[in-house]
Amino acid sequence: MGTRGRRGVHKKASGVKQARPRRAAANRADTQWPLWEVFVQERTGAPHEHAGSVHAPDAELALQNARDTYARRGPVTSLWVVESRHISATTPEDSPSFLDPGPDKIYRHPRFYRGAKE
Amino acid sequence: MSAGLAEYMLRLGDDRLVLGHRLSEWCGHAPIVEEDIALANVALDCIGQASAWLGLAGELEGSGRDADALAFFRGPTEFRSCLLVEQPNGDFACTIARQVLFDAAGANVLDQLSRSREARVAGIAQKAAVEVRYHVRHAREWWLRLGDGTPESHARMQRAIDELWPYTAELWTPDELDASLAPIGVGANLELTKLHFERELAELFARTGLHAAESPLAISGGRRGKHGEHLDHLLSEMQSVARAHPGARW
């Protein structure tokens, strides 16, 4: 499981398995499968929420691994998996400029549209 | 019929208890942590099903033995499991082959028992059949990938099939007990199970270029308590805690 997956495992499946050193650590390079991000929907109509990640050789087995890791306790109505490399993400360096909410630019925040009586 | 039915429940329970214990031996040793969890989940399902079947066996037997007493305080000659399930895990291919072969018959038996005229049997079977659908999906997908993977994985699958094939006939060969319970709609008709098994395997062989062992050898005896040495070792480990601390509670 990826680093982000560990937290999910502890939270949702700690009774089954604790994170432990990988036996195949020595030849990890030849045996490591792609990482998949797992999204879990807990009731019909609810959003699929990121639960963690699993390693798997293909989509079908990623779904099976996701089911075993994240969907065995508690109700789950649907699972999505997507290979992690298909997710584009910002980098920490992006944060200051790219993700700056601009609290000093008050015209970005629609607080001037409050009802008059408030 | 009660004694016969109790015996029949022991077969169903012992198959799953022994298989579940074998699968649990992978815990901490599977190729990757995700598979470790998957095998442990299947193991837990099997042991849960065993507990239900053995509980009913004890009830029908009427001598006060519960599921724990049956699981932990019987010797190997009293076990009624088929010989396939006591075969060692071997490599991962061997574990997958054993699972596919067992479920190819076992899933059909459960489907039939879901409609049993004995309501308690039908109740347990309906619940178990749902779990087994996932076991089948898991093991079949691995069979297809290993069988159709690298020359190494293909060779290991074929070796596993060659080794385990002689134990498959016992899964669908009826004896007197099967012959007495099937016609009255209580037990499974193993002729249908055999057809299901053959259809499943024909498809899995066709998709992977694997094939049945060429030897016509068929080894059986588990239903009569005639087991190999493997079961002795398995039971001495599985039963050691319960026997060292009889009646202990968490």
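This is a predicted model: local features need pLDDT of at least 70, side-chain atom pairs count only at pLDDT 80 or more; totals for chains, interfaces and linings use all residues.
Me: Why does F72(B) count as partly exposed?

Reply: Count the C-beta atoms around the residue. F72(B) has 16 C-beta neighbours inside 10 Å, so it is classed as partly exposed.

Me: In which helix is F72(B) found?

Reply: Look at helix α3 of chain B, residues 67–72, where F72(B) is found.

Me: With which residues is F72(B) in contact, leaving aside neighbours within four places in sequence?

Reply: Skipping those neighbours shows what the fold brings together. For F72(B), the contacts are Q239(B), A242(B) and R243(B). Compare a pair that is separated in both senses. F72(B) and S220(B) are 148 residues apart in sequence and 23 Å apart in space, C-alpha to C-alpha.

Me: How far apart in sequence and in space are W80(A) and V40(A)?

Reply: In sequence, W80(A) and V40(A) are 40 residues apart. In space, their C-alpha atoms are 6.5 Å apart. W80(A) sits in strand β3 of chain A. Its contacts, beyond neighbours within four places in sequence, are F39(A) and H48(A). W80(A) has 17 C-beta neighbours inside 10 Å, so it counts as partly exposed.

Me: In what order do the three strands of the chain A sheet lie?

Reply: Read a sheet by its neighbours, strand by strand. Here the order is β2-β1-β3 in chain A, in an open sheet with antiparallel pairing. The edge strands, each pairing on one side only, are β2 (49–55) and β3 (78–83) of chain A. From one strand to the next, the twist averages 30 degrees.

Me: How many bridges join β1(A) to β2(A)?

Reply: Six, and the two strands run antiparallel. L35(A) stands opposite H55(A) of β2(A).

Me: How many of the seven residues of β2(A) are buried?

Reply: Five of the seven, which leaves β2(A) mostly covered. Helix α3 of chain A, residues 59–70, lies across β1, β2 and β3 of that chain. This helix runs at about 125 degrees to β3(A).

Me: At what angle do α2(B) and α6(B) pack?

Reply: Two packed helices are described by the angle between their axes and the distance between the axes. For α2(B) and helix α6 of chain B, residues 119–147, the angle is about 165 degrees and the axes are 10 Å apart. An angle over 145 degrees counts as roughly antiparallel, so α2(B) is roughly antiparallel to α6(B). The crossing of the two helices is left-handed.

Me: Which residues of α2(B) and α6(B) make the contact?

Reply: From α2(B), they are A38(B), V42(B), D45(B), Q49(B), A52(B), W53(B) and L56(B). From α6(B), they are R120(B), I124(B), A128(B), E131(B), H135(B) and H138(B). W53(B) and L56(B) are also touched by M9(B).

Note on methods
Residues are numbered from 1 along each chain as its sequence is written. Chains are lettered from A and ligands numbered from 1 in the order in which they are written. Two strands pair if DSSP finds at least two bridges between them. Helices (H or I, at least four residues) and strands (E, at least two) are DSSP runs, numbered from the N terminus. Axes are lines fitted to C-alpha atoms, for helices over the stretch in contact, and angles run from 0 to 180 degrees between N-to-C directions. Two residues are in contact if their C-beta atoms, placed from the backbone, lie within 7 Å. Angles under 35 degrees count as roughly parallel, over 145 as roughly antiparallel, 65 to 115 as roughly perpendicular and the rest as oblique. A crossing is left-handed if the near helix is turned anticlockwise from the far one by less than a right angle, and right-handed if clockwise. A residue is buried if 20 or more other C-beta atoms lie within 10 Å of its own, exposed if 12 or fewer, and partly exposed in between; C-beta atoms are placed from the backbone.
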